[in-house]
Amino acid sequence: VIVGCGGVGSWTALFTSMVGIDNIHLFDRDKVEEHNLNRTPYTKEDIGKPKVEALKNVIARYRPECSVIGYKSFLRKSNVLPYGSTCIIDCTDNLKSQKEIETLAKESKVRYIRAGYDVKSNNTIVNVHHTNKNVWDNDPEERGYSTPPAPSFVVPAAVAGALAVFAMVKNTNPKGVYLLEKLIDSEVI
């Protein structure tokens, strides 16, 4: 289950399909807008379409045999998870939603992975974690990113998505907050 099909979520879903996961459930109530195109695999033809439908088409280009079901809503604590769900990857940018999704995962005994990124003081912070506790700063609007919203582009979105899928496939509980600039400047071992 992937919740949020924007910058991070779109790459998470595509990478999930590309590692061989055959059943993917997408949750997002938004439509593709022009400002999404700089950080997602969507095209100009997708503008105005529900993100879940556009993303289903993107995945079908790479893995036509993959079953993708899109829900034009957000996953909430009151929802019932799709049958057979084993992992929720939360790619939302709202702290209140993240807390609800994490609670639903715990109550349903389903793995929870939170993936996102933020830009603070000219540093790009990529976050892939198994909880929301002490991960994001709490602000009055309960956003999961800094205020005003961080400038977004494709690299941190794709990196966050790739790290989340890697954690899911390796069956680990990720606990990483990565400074992207340090990852790029670090020595290769």
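1. Buried means under 20% relative accessible area, exposed means over 50%, and partly exposed lies in between, for a 1.4 Å probe and protein chains only. By this scale Glu53 is partly exposed, its relative accessible area being 35%. The structure is a predicted model, in which local features need pLDDT of at least 70 and side-chain atom pairs count only at pLDDT 80 or more, while totals for chains, interfaces and linings use all residues. Residues are numbered from 1 along each chain as its sequence is written, and side-chain values use heavy atoms, with hydrogens and water left out.

2. Strand β5 (residues 111–120) pairs with β6 in the antiparallel sense over seven bridges; two strands pair if DSSP finds at least two bridges between them. In this pairing Arg114 stands opposite His129 of β6. Strand β6 (residues 123–129) is mostly covered, since five of its seven residues are buried.

3. What is the count of salt bridges? It comes to five, where a salt bridge is a side-chain nitrogen of Lys or Arg within 4 Å of a carboxyl oxygen of Asp or Glu. Side chains of opposite charge can pair when their charged atoms come close.

4. One of these bridges joins Asp22 and Arg63, with the closest N and O atoms 2.5 Å apart. Asp22 lies in the loop between α1 and β2, and Arg63 in the loop between α2 and β3 (67–71), so the pair ties together parts that are 41 residues apart in sequence. Asp22 is partly exposed at 39% relative accessibility, whereas Arg63 is buried at 12%.

5. Glu53 and Lys72 also meet in a salt bridge, at 2.8 Å from N to O. This pair links distant parts of the chain, 19 residues apart: Glu53 belongs to helix α2, and Lys72 to the loop between β3 and β4. Lys72 is exposed, with a relative accessibility of 53%.

6. A further salt bridge connects Glu102 with Lys106, the closest N and O atoms being 3.6 Å apart. Both residues are in helix α3 (residues 95–108), and because they are four residues apart, about one helical turn separates them. Elsewhere, salt bridges that share partners join Asp22, Arg63 and Glu65 into one network.

7. How many disulfides does the structure hold? There are zero, a disulfide being a pair of cysteine sulfur atoms within 2.5 Å. The sulfur of Cys5 is too far for a bond, because the closest cysteine sulfur, in Cys91, is 8.0 Å away. Cys5 is buried, at 0% relative accessibility, and Cys87 is buried at 6%.

Methods. Helix = DSSP H or I, 4+ residues; strand = E, 2+ residues; numbered from the N terminus.
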